[in-house]
Amino acid sequence: MQLQLMMASGFNVFRVGISFIMMCIFYKSTEDSLPELSPQKYFSTLQPGKASLAYFCQADSARTSIFLEELKEAIRPLQDYGISVAKVNCVKEEISRYCGKEKDLMKAYLFRGNILLREFPTDTLFDVNAIVAHVLFALLFNEVKYITTLEDLQNVENALKGKTNMVFSYVKAIGTPEHRAVMEAAFVYGTIYQFVLTTEIALLESIGSENIEYAHLYFFHCKQVLDLAQQCRRTLMEHSLTTLNIHLFVKTMKAPLLTEVSEDPQQVSTVHLQLGLPLVFIVSQQATYEADKRTAEWVAWSLLGKAGVLLLLRDSLEVNIPQHINVVFRRAEKEAPVEFLVLHDIDSIISHVKNNMHIEDVQEDEDDDMEDPDIDIQDDEVAETVYRDRKRQLPLELTVELTEETFNSTVMASDCIVLFYAGWQAVSMAFLQSYIDVAIKLKDTSTLLLTRINCADWSDVCTKQNVTEFPAVKMYKEGKNPVSYVGMLGTHDLLKFIQLNRISSPVNITLIQEAEEYLSGELYKDLIAYSSVSVLGLFSPTMTTAKEDFTEAGNYLKGCVMTGIYSEEDVWILSNKYATTLPALLLARHKEGKIESIPLASTHTQDIVQIITNALLETFPEITVENLPTYLRLQKPLLILFSDGSINPQYRKVILTLTKQKHLDFLTPCWLNLKNTPVGKGILQAYFRRLPLLPILVLVNLHSDGRVFVFPSDQSVTEQSLVLWLKKLEAGLENHITILSAEEWKPPLPAYDFLSMMDAETSPQPARKDPEHLKQTDAQESPMEQREDKSTVRKEPVETLRIKHWNRSNWLKETEKSLRHDKEL
């Protein structure tokens, strides 16, 4: 979701980079070829204990081409499980039970060594999922029990009590994608747990499942049950049956039910956090330890698979927790603050957890997809995501809904932030989810009132507030002009904007000690997570103009970075300590523990803003989906070091040295970790057709000709070799490995090009506007919005309000309404 929102918000500026990412995501690598052997050759290749799937057919047969295509698709997944696949061409002279009658040629055969395990009619192997599922099912006949009655299930359950746990699954039919996912999980965990499978819906009904038309998977906790009369506890997996979901679910089942800790909840790390699940800490003390432990165990069973539960021992805890607090809640997101709660019963704890985590009803959406797959195809990816999340219930009660009657009184009476959105627009509805996430994070911890107004219902209010595009966020504070949020449309960046606006920008510092605390990060330690760099402007008391320019720059950067100003008589103490002349900037980089000084040769506001903005950029950054647009804005070729994990310190040293020596000024050196940013695999496949050995150094010229160059793999990356290679590139002596096509982000189908249709309706000329010309025109007509609104109403072309995303069933009607509204405006 974050990626799609950021791509939508920055499309006009970063469309080249977006095309680059999208091309890499959807690139498909070439498939392995299907081996074709003679019967004699095939049987000579079989090895004892090795499984092999073979399809025998006449060499000139063409009627099985569809099956062969599916068999080809199954080669790679079956190879992952050590199963080879081959097509065996029979000749008329061949006499064999597999090359005999014509009906025998409509089957595939599974061998282990030279022993035939199973033969499959080809009509049961109707696609790649069916092939993989059937083959694994045949090989795992000892690990997976197939049952048809409740009595069978009870017998298996009784046999396992006190010994091992069971994974029970129901699928609609053998050979479905869900069946394949269960078999793949059984291949990994079949020796640890007993897998049981059924396709009988009556059996699913008998154990009390709801929504029985969907596939189900239960974990039966039988190992700890010693009484045969006692039923095994059952935990239902609430996500759809995919290989990844089953793997994550089993991982949570393997984790300890309850863990005792005595450290800061913010520092605790468990498998649940790694799997994206929240943590619940039941705060205990020595006097009530036994009762607290029973409560924690009850909560742990209720939240099994949804959250990790820990018993937090207050008496041995170094961190001070208020005495009235009995529950601590920590979300899985990085840098998310912990919540200290007072919840009086188990039901309240469980409700709080379920209301603060997102379990998408994937099964229901998938069922809708099966009914009418065409309906789910939206005109862009943000609309597609919103459509798929349409049934997700958001806790909208955490924000205040404003109307024309309540807007002015609310923003005048309290410090508040307002989301201006349109209920019909996909980006607005997607960002609304991030906005609610921010409300959840700030719940009970902030005095700022979070509000929202639907501009589709109250267009006059939005027009008066200069809202000309959706979504928009503005902060109203202390009766001042509202501050507009212009960052990425995501939870983290909006939360950063809100938190950094808690303090003035710049902060006026009056004591040397206070200035030192500000630079060390002690003064605003709770904001360091949102601003890794603190900027302090140093000015003598007489530098009035310079101070005014810096103050204006601080106001412009409000919500992006912490800024402070020191201009007392003893400012020379700081300038001497950090060896700089006045006026100057001190940049405190808290992660590195460094303080840099930059003399201000020019004190113009725009120059100061540029200096601070450049200082926020890293010299050798790790490229992620979130920060890529920032570095694309530099309009320089990217020198990317791809790695599968952390990079070699030697590489970092080489790049930093050459950067310091100004050899890389015309480039943006960076690195990409495929473990943190998996899209890097798609990028490399687009460059090389298949994944190369890592690490590898690549130069990409996105902003001109799209050529891609690779540093020779047989050379070591040293300062001398890298400089020599770059000089060869500049002289045109190196050949590129590929050229990236200049793709545009267009609607997937002509029927979705609503803007062109609207242009055709409103334009007096019969011909449509050229799309590229349209983009340029819009860019010229819509100047960049300032961070702080200086007037109540600003005249802007109403074309910027044109709707891009429509529900296809009524888009014509809505278009007519919009055109009438434009004429009225």
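What is the angle about the S-S bond in the link of Cys-222 and Cys-232, and is that link right-handed or left-handed? The angle is 120°, and the link is right-handed. This structure is a predicted model, in which local features need pLDDT of at least 70 and side-chain atom pairs count only at pLDDT 80 or more, while totals for chains, interfaces and linings use all residues. Residues are numbered from 1 along each chain as its sequence is written, and side-chain values use heavy atoms, with hydrogens and water left out.

**Overall architecture**

- The chain has 30 helices and 30 strands; helices (H or I, at least four residues) and strands (E, at least two) are DSSP runs, numbered from the N terminus.
- Of the chain's 825 residues, 48% count as buried, where buried means under 20% relative accessible area, exposed means over 50%, and partly exposed lies in between (1.4 Å probe, protein chains only).
- Among the contacts in the chain with a separation of 6 or more, 73% come from residues 24 or more positions apart; contact means heavy atoms within 4.5 Å.

**Disulfides and other cysteines**

- A disulfide is a pair of cysteine sulfur atoms within 2.5 Å, and by this rule there are 2 disulfides.
- One of them is formed by Cys-222 and Cys-232, whose sulfur atoms are 2.3 Å apart.
- Cys-222 and Cys-232 are 10 residues apart, and each is in the loop between β9 (216-221) and β10 (233-236).
- Cys-222 is buried, with a relative accessible area of 0%, and Cys-232 is buried at 2%.
- The other link joins Cys-455 to Cys-462, with an S to S distance of 1.9 Å.
- This link of Cys-455 and Cys-462 is left-handed, with -90° about the S-S bond, and both of its cysteines are buried.
- Two further cysteines can be described by their accessibility: Cys-560 is partly exposed at 25%, whereas Cys-670 is buried at 0%.

**Nonpolar cores**

- A nonpolar core is a set of buried Ala, Val, Leu, Ile, Met, Phe, Trp, Tyr and Cys residues joined through side-chain atoms within 4.5 Å.
- The largest such core has 49 residues, and those that touch the most other members are Leu-53, Leu-71, Leu-78, Ile-131, Val-135, Phe-195 and Ile-246.
- Helix α6 (residues 128-139) gives the most to this core, contributing 8 residues.
- Leaving out residues up to four places away in sequence, Val-135 touches Leu-53, Leu-78, Ile-83, Leu-110 and Phe-120.
- Another core, of 43 residues, lies apart from the largest one and includes Leu-419, Tyr-421, Ile-509 and Ala-515.

**Helix α23**

- Helix α23 (residues 605-616) has 12 residues and reaches 17 Å from its first C-alpha to its last, close to the 16 Å expected at 1.5 Å a residue; the expected span is 1.5 Å times one less than the number of residues.
- The residues Thr-605, Ile-608, Val-609, Ile-612 and Ala-615 of α23 are buried.
- Seen down the axis of α23, its buried residues fall within an arc of 130°, so they line one face of the helix; the arc is that of the directions from the helix axis to the C-beta atoms.
- The elements that cover the buried residues of α23 include β22 (533-538), α21 (544-556) and β24 (584-589).

**Selected polar residues**

- A polar contact is a pair of N or O atoms within 3.5 Å; within protein, one must be able to donate a hydrogen and the other to accept it, and residues adjacent in sequence count only if both atoms are side-chain atoms.
- His-221 is in strand β9 and is buried, at 12% relative accessibility.
- The side chain of His-221 makes a polar contact of 2.9 Å with the side chain of Thr-235.
- Not counting residues up to four places away in sequence, His-221 touches several residues, including Cys-232, Met-253 and Trp-301.
- Asn-129 is in helix α6 and is buried, at 18% relative accessibility.
- The side chains of Asn-129 and Arg-180 are joined by a polar contact of 3.0 Å.
- Asp-345 is in the loop between β15 (339-341) and α13 (346-355) and is partly exposed, with a relative accessible area of 40%.
- The side chain of Asp-345 reaches the backbone nitrogen of Asp-347 at 3.3 Å.
- Asp-345 and Thr-295 are 50 residues apart in sequence and 9.1 Å apart in space, C-alpha to C-alpha.
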